[in-house]
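Author: Let's go through this model together, one question at a time. Have a look at it first.

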Amino acid sequence: MLSVFKQLWKRRYHPVMDNKLSVFTVCEAIKPQTNAQFEDAESLLDTAYDWLSAQHYSHSMRNAGHFPILTAYKSERPYFENPMAGHDFKEKLVEQLTIGAMPLLISNCHEALLDVFPSLLIEREEVGIININAHLLMDQCLDLTMGSMLHFALNRFNECRAFNIGIDGSKCDKKQLEYAEDMGCDWLMADEVNYRGRALLKEQLARFISHCDKLVITIDLPSISKHNSSSEKRKLDIAMVLRALRQSLASNKVLLIQLVGAQEQHIYSKATQLLVQEIGEFYQ
């Protein structure tokens, strides 16, 4: 009788997943964002999964839910009545990790990761954060703001280290780079992340991965070029971003992936389609 109960429990609580890729859409109210900006991003993210599910690769993923995080929302009642607004995003994400899923977060800010970091850390394991982004995310501040994710992660959690890919020198000053160096960050500048520099990218990324037990990847969608043109010369080539993503996934160390964008042209873009397709194919 006990053995029968065990088999029933296994089937009920540890089901075999047809789709390992669990897609979360998360929108957080965070400074210096206004209420209007938050509401616009929330409405875009609320339907992002529906848009992705209409693509030909949708069979490789499943919807884990949409989660507005209203902690810093300034109005008493939001204009929307989202049924998931009061639900615990962190609890749902940990549940997906427990059953062996690969969480894919599509969010309006990189800082959405900070709430879940304590649940990802295991004693004596090094967690590497791969930040594919024109920005360092190292703004030094006392209160959480957009652009401060790595500053808080590296200061709060001794187990974390960071590798930044595609830093735009015009978007970070010498002081920020010195601070990143003091915090033990590695990085490649945007002009190094190109086809000619593919060997350097592969080598540097492999070295970083070898020093980590687990990986968290966050990709800034506005930092990726829509097409090759002189007007977007400072943006990252999607082909190079996909190379870095494939190499990271091949290590089998990735815990979760986050794609970040707050505007329609970034969330609903060809780059988003290609990234989700690449991740979905790996976890089929």
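Author: One definition to start with: buried means under 20% relative accessible area, exposed means over 50%, and partly exposed is in between (1.4 Å probe, protein chains only). This is a predicted model, where local features need pLDDT of at least 70 and side-chain atom pairs count only at pLDDT 80 or more, while totals for chains, interfaces and linings use all residues. Residues are numbered from 1 along each chain as its sequence is written, and side-chain values use heavy atoms, with hydrogens and water left out.

Reader: Okay, so is F282 buried, partly exposed or exposed?

Author: Take its relative accessible area, which is 36%. That value puts F282 in the class called partly exposed.

Reader: How many aromatic pairs does a search of the whole structure find?

Author: Rings of Phe, Tyr and Trp (its six-membered ring) pair if their centres lie within 6.5 Å; planes under 30 degrees apart count as stacked, over 60 as edge-to-face and the rest as tilted. With that rule, the number of aromatic pairs found in the whole structure is seven.

Reader: What kind of pair do F24 and F89 make?

Author: You need two numbers here, because a pair of aromatic rings is described by the distance of the centres and the angle of the planes. For F24 and F89 the centres are 5.8 Å apart and the planes are at 75 degrees, so the pair is edge-to-face.

Reader: How many residues apart in sequence are the parts that this pair, F24 and F89, ties together?

Author: Helices (H or I, at least four residues) and strands (E, at least two) are DSSP runs, numbered from the N terminus. F24 lies in strand β1 (residues 21-28), and F89 in helix α4 (residues 89-98). So the pair ties together parts whose separation in sequence, in residues, is 65.

Reader: Are F24 and F89 buried or exposed?

Author: F24 has 0% relative accessibility, and F89 has 5%. Both F24 and F89 therefore count as buried.

Reader: Which residue forms an aromatic pair with F282?

Author: The rings are 5.0 Å apart centre to centre, with 75 degrees between the planes, which is edge-to-face. The partner is Y283.

Reader: R198 has its charged end over a ring: which one?

Author: A charge sits over a ring if NZ of Lys or CZ of Arg is within 6 Å of the ring centre and within 35 degrees of the ring normal. R198 is in helix α8 (residues 198-210) and is partly exposed, at 32% relative accessible area. Its charged end is 3.8 Å from the centre of the ring of Y195.

Reader: How much space lies in the largest pocket?

Author: On a 1 Å grid over the protein atoms alone, a cavity is a set of points where a 1.4 Å probe fits but cannot get out, and a pocket is an open set with protein on both sides within 12 Å along at least five of seven lines; lining residues have an atom within 4 Å of a point. Grid points are joined across faces, edges and corners, and a volume is the space filled by probe spheres set on the points. For the largest pocket that comes to about 610 Å³.

Reader: Which element gives the most to the lining of the largest pocket?

Author: The lining has 29 residues, and N108, M146, D220, P222 and A262 lie nearest the centre. Both α2 (35-46) and α10 (264-267) supply at least two residues. The one that gives the most, with four residues, is α2.

Reader: How many disulfides does the structure hold?

Author: A disulfide is a pair of cysteine sulfur atoms within 2.5 Å. C212, buried at 3% relative accessibility, has its closest cysteine sulfur in C160, 9.5 Å away, too far for a bond. The number of disulfides in the structure is zero.

Reader: Which peptide bond into P32 is cis?

Author: Most residues other than glycine have a negative phi, and most peptide bonds are trans. P32 lies in the loop between β1 and α2. The cis bond, with omega near 0 degrees, runs from K31 to P32.

Reader: What is the phi of N252 near?

Author: N252 is in the loop between α9 (238-250) and β8 (254-260) and is exposed, with a relative accessible area of 61%. Its phi is positive in a residue other than glycine, near 60 degrees.
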